[in-house]
Amino acid sequence: MAVLQLRTGLTPEERQLRQKLILRDTAALMSLFAIAILLFFITLFLFHSFSVHRQELAQRWLQRGEKALQSNQPLAAIDALRSALAYAPDDEKLQIELAEALAAAGRTEEAVAYFNTLLESRPGNGMINLQLARLAAKEGEEAAALDYYQAALDGTWEGDGYIRRREVRLELAQYLIDRLHFDRARNQLLIAAGNAPDDVNIELQVAGMQEKAQDPANALHLYQKALQHRPARLEALEGASRAASAHNRFLLAKEYLERTLNHADFEKQPAEVQAQFRNMLSDADHILLLYPGPELSVRARAERILADRKIAQERLADCLISKSTVPPALQTLADQWRQLPSTLRLTQLEQDPELEETIMQLVYRTEQITSQQCGAPTGNDALLLKMSQAPEAIERQ
């Protein structure tokens, strides 16, 4: 025993005391660890609760802001959205909606500054570029508006970017139409039509815009595509009727106009709309009776040419009488008529196709020039003027 005590330097009582101290210190340390862990989880819980509460408050203010915007109360929306941003300062949607509210309130400079600040950190964001395009358009800055619209088309979009880009392209096309840039609008609409899904509503929307952009040929193509959906919609038939008439395809227009008038929903249209399409059908019928089509017999063709010649010559005579001084264009026209035989028989025309062509070209020129010199024509003269715009298309299906 004495030997063991000498080796360790500690008595049994001292070793026992030492073990108790170690156990006590270990227990104290473990308690501290437990307390630290407990405090950590309490802090985490409180932080999470605070964060959730902030998100709830941000969402609540956002909903108030959106409701105010929908109710056309942009000033109230600005206050609500700024409150929402205080709880969610990094929320991009909130930032964009605040800028939109500023624009709606007429605070355009603030809105532009806000959007430009956002654009610096997100240069390829499609929505921000679209909003800047709208603001530039509102301020009459056409070049800037077009640049921002293009940037929106090339930019990134959250969600279904394909649909959003189509919507932007159609908005750009409408802006170009409003600015009377019909060529550029037609290009955008052709791209939109080429990328559009097989959806009758989109086809009708694009076709209607093509009509506004003075592109009846492509509008007609889309209306015909829309008519492939069953049942045929009245809107598609009406559009096809208008586009075919504007494109001088009166035989085809007659077909669509008859289908329009026989559609089950046509009688539900306003009286003025019904009258419009009935007049269009009447015009198409009369034009087809005036037109000396190549499918007619030689005698029937000659009869129509003589009838058209008489209408045009009477129009020219009335126009000349109304002028105290004859304009050079009308004088030249009168001289051209005098170069042709003053009296013509059917047999002469039947035997001379070249003379038939010369007379019809002069008929068309007469209607065009007299409409410029003596005002818009009426009756058969108005129909001949329509025919003159594209006579080769009249009977094309």
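**Helix packing and aromatic pairs**

Modeller: Start with a crossing: helices α7 and α8 cross in a left-handed way. Keep in mind that this is a predicted model.

Colleague: What makes α7 roughly antiparallel to α8?

Modeller: The angle. α7 (residues 142–154) packs against α8 (residues 161–178) at about 160°, and the axes are 9 Å apart. Angles over 145 degrees count as roughly antiparallel. Therefore α7 is roughly antiparallel to α8.

Colleague: Which residues of α7 and α8 make the contact?

Modeller: α7 gives Glu142, Ala145, Leu146, Tyr149, Ala152 and Leu153. α8 gives Arg165, Val168, Arg169, Glu171, Leu172, Tyr175 and Leu176. By class, that contact has nine nonpolar, four charged and no polar residues.

Colleague: How many aromatic pairs does the structure hold?

Modeller: Two.

Colleague: Why is the pair of tyrosine 149 and tyrosine 175 called tilted?

Modeller: Their ring planes stand at 40°, with the centres 5.9 Å apart. Under 30 degrees would be stacked, and over 60 edge-to-face. Tyrosine 149 sits in α7 and tyrosine 175 in α8, so the pair ties together parts 26 residues apart in sequence. Both tyrosine 149 and tyrosine 175 are buried.

Colleague: What makes the pair of phenylalanine 266 and phenylalanine 277 edge-to-face?

Modeller: Their planes are 85° apart, and the centres 6.4 Å. The cut-off for edge-to-face is over 60 degrees, so the label holds. Phenylalanine 266 lies in the loop between α13 and α14, phenylalanine 277 in helix α14, so the pair ties together parts eleven residues apart in sequence. Phenylalanine 266 and phenylalanine 277 are both buried.

Methods
Residues are numbered from 1 along each chain as its sequence is written. This is a predicted model: local features need pLDDT of at least 70, side-chain atom pairs count only at pLDDT 80 or more; totals for chains, interfaces and linings use all residues. Side-chain values use heavy atoms; hydrogens and water are left out. Axes are lines fitted to C-alpha atoms, for helices over the stretch in contact, and angles run from 0 to 180 degrees between N-to-C directions. Helices (H or I, at least four residues) and strands (E, at least two) are DSSP runs, numbered from the N terminus. Angles under 35 degrees count as roughly parallel, over 145 as roughly antiparallel, 65 to 115 as roughly perpendicular and the rest as oblique. A crossing is left-handed if the near helix is turned anticlockwise from the far one by less than a right angle, and right-handed if clockwise. Contact means heavy atoms within 4.5 Å. Ala, Val, Leu, Ile, Met, Phe, Trp, Tyr, Cys and Pro count as nonpolar, Asp, Glu, Lys and Arg as charged, and the others, Gly among them, as polar. Rings of Phe, Tyr and Trp (its six-membered ring) pair if their centres lie within 6.5 Å; planes under 30 degrees apart count as stacked, over 60 as edge-to-face and the rest as tilted. Buried means under 20% relative accessible area, exposed over 50%, partly exposed in between (1.4 Å probe, protein chains only).
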